[in-house]
Amino acid sequence: MKAWRIMGVVNATPDSFSDGGQFLDAQAALAHGLKLAEEGADILDIGGESTRPGADLVAVEDEIARTVPVIEGLVREGADAVISIDTRKPDVAKAAVQAGASIWNDVTALSFAPDSLETAAALSCDVVLMHAQGDPKTMQKDPYYDDVVEEVYAYLAARIEACVKAGIDERRIITDPGIGFGKTLEHNLLLLGNLDRFCALGRPVLLGASRKRFIAALDRKSPAESRLGGSLAAALAGLRQGVSIFRVHDAAATRQALTVANAIENPQFSR
């Protein structure tokens with residue numbers, strides 16, 4: 001029985017760490033999204049602003065111009081996937097939901113703008129609350145925690161509470177510990193080894209470890225496009241600990257790895 005979903009990454013940006021502008025053109029991004037859906041992505045996460053370490057802020061109008069045509073195209077083409085908007089900005093989320101998105105994936109856990117919570121409540125969309133220490137421009141300069149697992153847990157618990165207080169249905173909330181966002185290699189490994197702790201929040205957990213730098217730090221400084229093995233290892237670790245959504249660049253390989261691992265653990269549901 002499939003208890004997980006794959007979220008395919010569609011970066012309509014010139015400077016994302018994993019694909020470096022490969023899908024900045026709307027038609028290229030649309031084609032990539034359709035391909036990911038065909039490969040088994042249940043969700044397509046459309047982003048118009050890179051959140052890699054050191055990335056600069058993108059203007060709202062530019063972010064909308066990059067993402068909305070892709071979302072409209074996916075809807076027009078009947079993509080067999082739920083559409084998510086990866087943004088910090090309420091105005092971008094509004095435009096994306098109007099175009100057909102039904103998930104707002106926010107790396108700031110709806111804290112970037114004063115009206116983020118209010119906007120999410122009004123949109124009545126699902127929301128992904130991610131933990132990050134600092135913003136993309138500075139987050140990897142000197143991240144520090146006394147206890148990374150418990151501090152990230154406490155932060156996400158507080159953001160869930162803030163969302164519910166703002167009128168967001170708790171059933172619409174998804175959490176993400178934010179691998180690579182203001183974390184050292186040790187922090188990332190501790191989080192990856194304790195993902196089941198975040199399941200105790202009572203909401204689905206999303207894991208975004210695909211092609212992240214911690215893989216290169218562990219294995220030969222491999223470039224982003226050569227980190228599939230490490231990405232799958234992280235996904236399988238997440239599967240064993242109850243992760244519900246896997247945000248990945250390689251949908252087909254991840255689908256196959258999770259399907260086989262799930263069948264081994266649950267042979268009665270494999271057919």
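**Entry 1: helix 4**

Helices are DSSP runs of H or I with at least four residues, strands are runs of E with at least two, and both are numbered from the N terminus. I noted that the model is predicted, that local features need pLDDT of at least 70 and side-chain atom pairs pLDDT 80 or more, and that totals for chains, interfaces and linings use all residues. Residues are numbered from 1 along each chain as its sequence is written, and side-chain values use heavy atoms, without hydrogens and water.

Which residues of helix 4 are buried? In helix 4 (residues 116–123) I found S116, L117, T119 and A120 buried, that is, under 20% relative accessible area. They lie on the same side of helix 4, because their arc around the axis is only 165°; the arc is taken from the directions from the helix axis to the C-beta atoms. I recorded that their cover includes helix 3, strand 4 (103–106), strand 5 (126–130) and helix 5 (148–165). After helix 4 comes S124, with a positive phi near 55°.

**Entry 2: helix 10**

I then listed A251, T254, A257, L258, A261 and N262 as buried in helix 10. They share one side of helix 10, because they cover an arc of only 135° around the axis. An α-helix has 3.6 residues a turn, so residues three or four places apart point the same way. Q256 and I264 are exposed on the other side of helix 10. The buried residues pack against strand 1 (5–11), helix 1 (26–38), helix 9 (228–240) and strand 8 (245–248).

**Entry 3: L190**

I located L190 in helix 6 (residues 185–192). Its relative accessible area is 37%, so L190 is partly exposed, the class between the 20% and 50% limits. Apart from neighbours within four places in sequence, L190 is in contact (heavy atoms within 4.5 Å) with V148 and V149. I also checked I85, 105 residues from L190 along the chain; their C-alpha atoms are separated by 28 Å.

Notes
Buried < 20%, exposed > 50% of the residue type's maximum accessible area, 1.4 Å probe, protein only.
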